[in-house]
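I opened this notebook to go through one structure step by step.

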Amino acid sequence: MNKVPIQIMDLTTLKAVVCELSQYIVPSRFENAQQIDSYTIQLGFRTLEKLTWIEISWLAESPRIVQIPPPKRYGEKSTLAKQLKHLLVNLALVKIEQNGFERIVRFKFSSRPGKEIEKELVVELMGRYSNILLLDRSSKVVTLGKQIKETHSRLRPIGTGDNYKSPPALTGLAPNLSESFHSWKENICLVPSTFKNCLKDTYQGISPALTLQIASNHYHEAINIINQSVNSIELKTWEAIYKRWRKWLVDIESNNYSINFDGPTDFMVWGEVKSPVENTQICLSLGRYYSNKIIERKIISIREKLKHDLQKSKDDELRKLEAQRLLIKNISEYITLQNKANNILTLKSPTKKQVLEAQNLFKEAKRKKRSRESILNRVEFHRKKISEIEYCELFLDSFMYEVNGDNKNKLDSIIELKDEVEEYICIKKNSSKFKSNRKKEQASTIKEIQSPSGLKIQIGSNNRQNELISLRKGKKGDLWFHAQETPGSHVVLKSSNGLFDDKDIELAADLASFFSRARGNKLTPIIMVPIENLQRISGSLPGTVSHRGGKVLWGKAERVAKYFHQK
């Protein structure tokens, strides 16, 4: 599966962010720092009105500077965070600077506005060369996000204690608002190639996203234009592109920025806004955008890894199961051996040799019978493991059907599922880069739907959630639903909280059908049981239960299509 595409923070977006942050957090007092992972730092700045947090990342796939809502406390003890807190304590952020078409931002700190600059935090957003560096008064590197050794870059190795050197100068022409249409077109067409290559090679500050935005306001039209040879583009199209080019330059020079999510790319920070939203902060909107995209990428990464691990484990269990079945066939002759021995002993006058032969046959039959019982136990064990794997596969498949819901909750749920798989299915050391910091008895936010009567219907997204809603949080009077004889999520109608009717029962049964292996069937038999009649099966996965009694209903998965959508 392809990775989730993330729009890189290009020069235009960076200028918009610098412009907005300069209004919101300059001047301000540095207050806190925390590093949430190896390539992302979060900084808190105190203004007269409030504490504002920004996030700086030098991750190659999405280097960025954005504003974020107040984060949870995490990563304050990392070396970089402690160094920044120590070195920037009691200093004020007095200026944020970005020059020309460079993707380099300097956060300048002094004891107070108007005083000499004491520290500079330099953020370089340049793809895989992105970095963050703290400089002292003499421009020496005090600390940085990542050391660049000579083996990584002969051109510009840099580490703690080195004098800071700026990246190599940009190539190409600097875009100029005073340049005429004919000069601009002539420069782009100097070396014939596709429009996207010519524009990028001719001018500074051009990104793939900006190329699309300048080509057209409509994605498919923009794609068609940028892939055309510059010699085949009509004059009318050139004039339209030049008009948008000038609009881009005017907006940059006048700092006229606004966030727009309706253009040819995921977002635009210049041009006409189709659906203006009052008081929309660009930095916060970008913070939400990157947060969602990165979480989506993590979810897909975990899902693909889990899918591979589960399939590998399932294939292994199926292979072992087949091997045991072959062994059963090979030793099923113990009854024949017993009959043969009995036939010998029923002879009128068996010889001593025949008696010894019968005794040996009885011993061999007894050995094979014991082996058969042992093998049958192993067969049952492998069948149980396959059933547990199929349950986990079902939960994993369910992530494909959800269109609504908070991405953070989805990430928490799939991390919980990953932990379960590693603990019970694919036993591994706890060394994954996506570690769950929550305790086992805690679970992520449970998926809930409101019934027609206003009651809650809870749906388990993994084995621990199944156990939580059915055994730990279930109350007398609640009703439990599950697809019969097939893997499925537990569904609980919280009927202990109020009166319910047939519509509530129907919806709960339909949900149990939808979140089961029988999702594709027109009708699915669903067992409905009072929750007090459930009992946990010890030695099995969390949420594995047996039940007393119950009533069989028929669920229709297609009736809950309005709640969920297959991606």
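The entries below go from the whole chain to the sheet and then to a cavity.

**Entry on the source.** I am working with a predicted model, in which local features need pLDDT of at least 70 and side-chain atom pairs count only at pLDDT 80 or more, while totals for chains, interfaces and linings use all residues. Residues are numbered from 1 along each chain as its sequence is written, and side-chain values use heavy atoms, with hydrogens and water left out.

**Entry on the whole chain.** I looked up the radius of gyration (taken over C-alpha atoms; the globule rule is 2.2 Å times the number of residues to the power 0.38), and found 33 Å for the chain, whereas a compact globule of 567 residues would have a value near 24 Å. The C-alpha atoms fill a box of roughly 120 × 65 × 60 Å along the principal axes. I noted 13 helices and 17 strands, these being DSSP runs numbered from the N terminus (helices H or I, at least four residues; strands E, at least two).

I traced an open sheet of nine strands in the order 4-3-2-1-5-6-7-8-9, with antiparallel pairing, where two strands pair if DSSP finds at least two bridges between them. Strand 4 (64-68) and strand 9 (141-144) stand at the edges with a single partner strand each, so one side of each has no neighbour in the sheet. Strand 8 (residues 131-135) pairs with strand 9 in the antiparallel sense over three bridges, and leucine 135 stands opposite valine 141 in strand 9.

**Entry on the helices.** Helix 1 (residues 11-24) packs on the sheet and touches strand 3 (51-57), strand 4, strand 5 (92-97) and strand 6 (104-110), contact meaning heavy atoms within 4.5 Å. Helix 2 (residues 79-88) lies across several strands, among them strand 1 (28-37), strand 8 and strand 9.

**Entry on a cavity.** I found two cavities of 30 Å³ or more, a cavity being a set of points on a 1 Å grid over the protein atoms alone where a 1.4 Å probe fits but cannot get out, and lining residues having an atom within 4 Å of a point. Which residues line the second largest cavity? They are Leu80, Leu84, Leu121, Ile132, Leu133, Leu134, Thr143 and Leu144. Helix 2, strand 8 and strand 9 each give two or more residues to this lining, and strand 8 provides the largest share, three residues.

Definitions and conventions:
Axes fitted to C-alpha atoms, helices over the stretch in contact; angles between N-to-C directions. 1 Å grid on protein atoms, 1.4 Å probe; cavity = no way out; pocket = protein on both sides within 12 Å on 5 of 7 lines; lining within 4 Å. Points joined across faces, edges and corners; volume = space filled by probe spheres on them.
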